[in-house]
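Here is a short briefing on one protein model with a ligand. Keep the sequence and the 3D view open as you read.

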Amino acid sequence: RAAAKAAKPAAPRGTDVIVLGAGISGLNTAWLLEQQGLKVTVLEGRQRVGGRIMTLMDQPGYPEMGFNSMAEGYGRGIDAAARAGVTLEEVGARYRIGGAPGLYINGKLLSREEWAKHPGNPFPDAMKTFMPAELVNVLIAKNTRLKDWTQWADAANAPLDISLYEWLKAQGLSDQAIHLANDVSPYYGSNAYDVSALMLEYNDGFVKAQIAAGIKSLAVKGGNLNLPIAMAKMLKGDLLLGKEVVAIETTATNATVTCADGSVHVAGRVISSLPFSTLRHVHVMPGLSGVQARAVATMPYQPLSIAFLTATAPFWEEDKAAPGMWTDGVTGVVTPQRFGATPEEITGFTVQARGAMAHYWDGMGKEAAMATIIAGIEAIRPSTKGKLRGAAYFSWVGERFNQGDWAYFSPGQVAGVMTEIGKPAGRLHFCGEHTATGARGLEGALESSERVALEVLSA
Ligand SMILES: Cc1cc2nc3c(=O)[nH]c(=O)nc-3n(C[C@H](O)[C@H](O)[C@H](O)COP(=O)(O)OP(=O)(O)OC[C@H]3O[C@@H](n4cnc5c(N)ncnc54)[C@H](O)[C@@H]3O)c2cc1C
């Protein structure tokens, strides 16, 4: 011990790796590399960690504007929570209790039976009993062309890499049916034209595998944002907030990152977890090439905006209708937030617009959008009159450091492309949910961090 004290301090060692972005993939990558003895610096543009994990800690029930829950089969997510020391709780009842949302077509509440016979139901006869929000998922689950969903991105699947529109047409849906079942509130894409059917088939395979692994839904006690906050605390190296990356330069020997504040950071390698929607605004030298360059420039990100409303009285008890609403109008999809001490308690409502409607809301601006949403709900559901308050508005397209929600793939962007986009370009490596090929969402983000950490360690 005395000898150690007397020894001359070693010269400070340079940073081995710079990780760009402190979302879950960047944080996990930094931790994995530190465990192997590497010196890591994380640069994050926002003044917070977590990226697309975003809890409103100042609102009742701590509503989630980003990541909601992990499935029981999320081995990596469950492991990350255990390492970080946060508690996961089973929240499946939040989604199950209180029944499906009411269907409001043209302002009128319709039961499933009424919808099946409704003159405005544009679905083929055999599909008329499906609610608009169900039909695409049901058809994909039943008629997926993928024999092995894990091979979705294989170049041999190029003939399957067609638009969802073309795929739904082949299922017998009219343009009007496609509009209602998909484009009013698309899970993926702005509309059925700009998303690959192959991507939805892959997603279907992943969902089925997750259901087979167990039906629990897990979320972090006290809000999901607690997970990245705890993961950030586990890091030994610098995690610098407010560092907007504007340039990345790699040479044969090192990597240099420049931030908007003029700071310059040098390391042996750099790992970008930035969504391609923001990486495309970063100057990369030498420039990327081939399908990777095209993907960075063009990969689309889901338009999604969320209003969080609170209710001053339980209007659903007054009109006896389901608290949730699926509407074909400006009021989007209204979902009760059962985030209180018991799932019976409704702590507020999220109202989501996806696709074109998200742009429409954003274009109005936050206050006008919330006023329009509330007026729209009051018009079709009189029991809500005077009882809804706009508490918060969150646009993923409007977020400078995301510019859209999850990545999705356009027709022709999957087969033979997905497997290329995450490959290293010299000393520049990539991770993030958009580079995952075996898992989706948070689990995909973590999968990508394992892949990139191994890549860097074996480089
Ligand atoms: C509304 C919503 C619901 C979701 N629900 C679920 C769910 O229920 N289950 C599930 O598994 N997944 C869900 N997800 C997806 C999941 O949240 C993401 O897949 C995951 O969090 C992505 O992590 P990431 O590290 O890849 O990206 P991000 O979290 O986006 O991290 C990237 C980081 O890079 C930073 N950054 C960007 N540009 C720059 C720049 N120029 N300079 C410096 N820093 C920059 C960002 O600020 C961010 O912190 C949901 C996402 C959303 C938005």
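**The ligand shell**

H17 supplies the largest share of the shell around the ligand, with four residues. Helices (DSSP runs of H or I, at least four residues) and strands (runs of E, at least two) are numbered from the N terminus. This is a predicted model, in which local features need pLDDT of at least 70, side-chain atom pairs count only at pLDDT 80 or more, and totals for chains, interfaces and linings use all residues. Residues are numbered from 1 along each chain as its sequence is written.

- The ligand is surrounded by 39 residues. Here a residue is near a molecule or strand if its C-beta atom, placed from the backbone, lies within 6 Å of it.
- The closest residues are Gly-21, Gly-23, Gly-45, Gly-51 and Gly-441.
- Helix H2 (24-35) and helix H17 (441-457) are the elements that give two or more residues to this shell.
- By class, the shell around the ligand holds 17 nonpolar, 14 polar and eight charged residues. Nonpolar means Ala, Val, Leu, Ile, Met, Phe, Trp, Tyr, Cys and Pro; charged means Asp, Glu, Lys and Arg; the others, Gly among them, are polar.

**Confidence**

- The chain has a mean pLDDT of 96, and 97% of its residues reach 70 or more. pLDDT is the predictor's confidence in each residue, from 0 to 100.
- For the complex, the predictor gives an ipTM of 0.99 and a pTM of 0.96.

**Positions listed by UniProt**

- An unreviewed UniProt entry places the feature "binding site" at Ser-25 and Val-245. UniProt also lists Phe-349 for "binding site", again from an unreviewed entry. UniProt positions follow the numbering used here, feature names are shortened, and annotations may be inferred rather than shown by experiment.
- Ser-25 sits in helix H2. Ser-25 is buried because 30 other C-beta atoms lie within 10 Å. The cut-offs are 20 or more other C-beta atoms within 10 Å for buried, 12 or fewer for exposed, and partly exposed in between, with C-beta atoms placed from the backbone.
- Contacts of Ser-25, not counting residues up to four places away in sequence, include Ser-273, Cys-431, Glu-433 and Ser-449. Two residues are in contact if their C-beta atoms, placed from the backbone, lie within 7 Å.
- Val-245 belongs to strand S9 (residues 245-250). Val-245 counts as buried, because it has 24 C-beta neighbours inside 10 Å.
- Leaving aside neighbours within four places in sequence, Val-245 is in contact with residues including Leu-20, Gly-45 and Val-257.
- Phe-349 is part of strand S16 (residues 348-354). Phe-349 is buried, because 23 other C-beta atoms lie within 10 Å.
- Among the contacts of Phe-349, neighbours within four places in sequence aside, are Leu-309, Val-334 and Pro-336.

**Strands and hairpins**

- S9 and strand S10 (residues 255-259) run antiparallel and are joined by five bridges. Two strands pair if DSSP finds at least two bridges between them.
- Ile-248 has Val-257 in S10 as its bridge partner. A hairpin links S9 to S10 through four residues.
- S10 is also joined to strand S11 (residues 264-272), antiparallel, by four bridges. Thr-256 stands opposite Val-266 in S11.
- The hairpin of S10 and S11 has four residues between the strands, and Gly-262 there takes a positive phi near 90°.
- Elsewhere, three strands form an open sheet in the order S3-S7-S4, with antiparallel pairing. Strand S3 (70-71) and strand S4 (88-90) are the edge strands, each pairing on one side only.
- Two bridges join S3 to strand S7 (residues 217-220). Ala-71 has Ser-217 in S7 as its bridge partner.

**Backbone details**

- Most residues other than glycine have a negative phi, and most peptide bonds are trans.
- Asn-106 has a positive phi near 50°. Asn-106 lies in the loop between strand S5 (102-105) and strand S6 (108-110). Asn-106 counts as exposed, because it has 11 C-beta neighbours inside 10 Å.
- Lys-320 has a positive phi near 60°. Lys-320 is exposed, because 7 other C-beta atoms lie within 10 Å.
- The peptide bond from Met-285 to Pro-286 is cis, with omega near -10°. Pro-286 lies in the loop between strand S12 (283-285) and helix H12 (290-298).
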